[in-house]
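Here's a quick tour of one protein model. Take a look at it first, then we'll walk through its sheet, its helices and its pockets.

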Amino acid sequence: MAEWWTAPAEGSEGKLVMVTGRRDVKKFRENPKFDKRVEVSWKYAGGADGMPNKEDSEMMDEVQSRLTEAFDKDPVAVMTGIYTGDGERNWVFYTLSTNIFGKKLNEALASLPTLPLEIYAENDAEWNEYDEMSECEINID
């Protein structure tokens, strides 16, 4: 079972962003093949607080559940962070292969309606984004 932490942060527009990070990533991080970071983003029309409405939030939970299940079954990627707020939800993964990641993502979400997802990938062998995100946890301890 994954270990997670959550901390508030401030988004680019000064609104609340809830940052959730995974603690138990050592075995993935120590594997040099997990050197590609993939961000799956969902922009939404948030309320005054920048958070998603109930309907979007429920669908986001379903997406997250399906992605978690898919990559728990076939660990070609690990979800390391989730950012929610300021009109956007971002799921951050580190993966062995962007091609396999894309295939697994499409399989996991195939039965859902078309979603407003954007996908970005880059090499991040040093896990710089993860380290930056982890500073939020340090600030709450």
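Which residue in E2 is the bridge partner of glutamate 10? That's leucine 16. This is a predicted model, where local features need pLDDT of at least 70 and side-chain atom pairs count only at pLDDT 80 or more, while totals for chains, interfaces and linings use all residues. Residues are numbered from 1 along each chain as its sequence is written, and side-chain values use heavy atoms, leaving out hydrogens and water.

**The sheet**

- Six strands make an open sheet with antiparallel pairing, in the order E1-E2-E4-E5-E3-E6.
- At the edges sit strand E1 (4-10) and strand E6 (117-123), each of which pairs on one side only.
- From one strand to the next, the twist averages 20°.
- E1 and strand E2 (residues 16-22) run antiparallel and are joined by seven bridges.
- A word on terms: two strands pair if DSSP finds at least two bridges between them. Helices (H or I, at least four residues) and strands (E, at least two) are DSSP runs, numbered from the N terminus.

**Helices on the sheet**

- Helix H2 (residues 54-73) lies across strand E3 (36-43), strand E4 (77-85) and strand E5 (88-95), and runs at about 5° to E5.
- Helix H3 (residues 98-109) packs on the sheet too, touching E3, E4, E5 and E6, and its direction makes about 35° with that of E3.
- Contact here means heavy atoms within 4.5 Å. Axes are lines fitted to C-alpha atoms (for helices, over the stretch in contact), and angles run from 0 to 180 degrees between N-to-C directions.

**The largest pocket**

- A pocket is an open set of points on a 1 Å grid over the protein atoms alone, where a 1.4 Å probe fits, with protein on both sides within 12 Å along at least five of seven lines; its lining residues have an atom within 4 Å of a point.
- The largest pocket has a volume of about 300 Å³, a volume being the space filled by probe spheres set on the points, which are joined across faces, edges and corners.
- It's lined by 18 residues, and Ala2, Trp4, Arg22, Thr68 and Asp72 lie nearest its centre.
- H2 gives the most to this lining, with five residues.
- The lining of the largest pocket splits into 12 nonpolar, two polar and four charged residues. Ala, Val, Leu, Ile, Met, Phe, Trp, Tyr, Cys and Pro count as nonpolar, Asp, Glu, Lys and Arg as charged, and the others, Gly among them, as polar.
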